[in-house]
Amino acid sequence: MEEALAYLAAGLVGLWGISHAIPTRAVVAGFGEISEDNRRVLTQEWLAEAVSMWSFAVLVIVVTAVGGGTSAADWTYRVIAGALLVLAALTTLTGARTPVVWFKICPVLLTSSAGLLLAASSV
């Protein structure tokens, strides 16, 4: 059961990372006329969140595959859950306050994934 919850959380987070990467060009264009430096920084930050999510997902998958059910795996799930909750809180206070629906979905998805990982760490 622990493995299924962990893999489900990793899948959700990994797919959400993909949903960040795909529209990057459109998101940056949506800011209109901004300097080239600002465009680069915006692109970097948008993709950095995608890379973070992919890294979390891969770490959960690897830890589950090689050491699921161990204390180290449980603590890995807890640490990643904490990081996801911090990202969810950050998004709630920033992007989710805009009318963009995807920013409103993000805290729910990240919190749900964190909950799955916490459940996996206590099974």
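The model is predicted; local features need pLDDT of at least 70, side-chain atom pairs count only at pLDDT 80 or more, and totals for chains, interfaces and linings use all residues. Residues are numbered from 1 along each chain as its sequence is written, and side-chain values use heavy atoms, with hydrogens and water left out.

The protein chain holds five helices and zero strands. Helices (H or I, at least four residues) and strands (E, at least two) are DSSP runs, numbered from the N terminus. The order of elements from the N terminus is α-α-α-α-α. Along the principal axes, the C-alpha atoms fill a box of roughly 50 × 25 × 15 Å. The chain has 123 residues, and 35% of them count as buried. Buried means under 20% relative accessible area, exposed over 50%, and partly exposed in between, with a 1.4 Å probe and protein chains only. Contact means heavy atoms within 4.5 Å. Among contacts between residues at least 6 apart in sequence, 70% join residues at least 24 apart.

Helix 3 (residues 36–67) has 32 residues. Its first and last C-alpha atoms lie 45 Å apart, close to the 46 Å expected at 1.5 Å a residue. The expected span is 1.5 Å times one less than the number of residues. The buried residues of helix 3 are Leu-42, Trp-46, Ala-50, Met-53, Ala-57, Val-60, Val-63, Thr-64 and Gly-67. Their cover includes helix 1 (2–21), helix 2 (24–29), helix 4 and helix 5. Just after helix 3, Gly-69 takes a positive phi of about 90°.

Two packed helices are described by the angle between their axes and the distance between the axes. Axes are lines fitted to C-alpha atoms, for helices over the stretch in contact, and angles run from 0 to 180 degrees between N-to-C directions. The axes of helix 1 and helix 3 come within 8 Å and cross at roughly 160°. Helix 1 is therefore roughly antiparallel to helix 3. Angles under 35 degrees count as roughly parallel, over 145 as roughly antiparallel, 65 to 115 as roughly perpendicular and the rest as oblique. The crossing of helix 1 and helix 3 is left-handed. A crossing is left-handed if the near helix is turned anticlockwise from the far one by less than a right angle, and right-handed if clockwise. The residues of helix 1 in this contact include Tyr-7, Val-13, Trp-16 and Ile-18, and those of helix 3 include Trp-46, Met-53, Trp-54 and Phe-56. By class, the contact of helix 1 with helix 3 has 17 nonpolar, four polar and two charged residues. Ala, Val, Leu, Ile, Met, Phe, Trp, Tyr, Cys and Pro count as nonpolar, Asp, Glu, Lys and Arg as charged, and the others, Gly among them, as polar.

With helix 1, helix 4 packs at an angle of about 30°, the axes being 12 Å apart. This crossing is left-handed. Glu-2, Ala-6 and Val-13 in helix 1 meet Ala-73, Asp-74, Tyr-77 and Leu-84 in helix 4. The contact has five nonpolar, no polar and two charged residues.

Helix 4 (residues 71–93) and helix 5 pack at about 160°, with axes 8 Å apart. The two are therefore roughly antiparallel. Their crossing is left-handed. The contact of helix 4 with helix 5 has 15 nonpolar, five polar and two charged residues.

Two residues of helix 5 were examined. Ser-113 lies in helix 5 and is buried, with a relative accessible area of 0%. Beyond neighbours within four places in sequence, Ser-113 is in contact with Ala-9, Leu-12, Val-13 and Leu-84. Lys-104 also lies in helix 5 (residues 101–121). Lys-104 is partly exposed, at a relative accessible area of 39%. Not counting residues up to four places away in sequence, Lys-104 touches Ala-96, Arg-97, Thr-98 and Pro-99. Lys-104 and Ala-88 are 16 residues apart in sequence and 9.9 Å apart in space, C-alpha to C-alpha.
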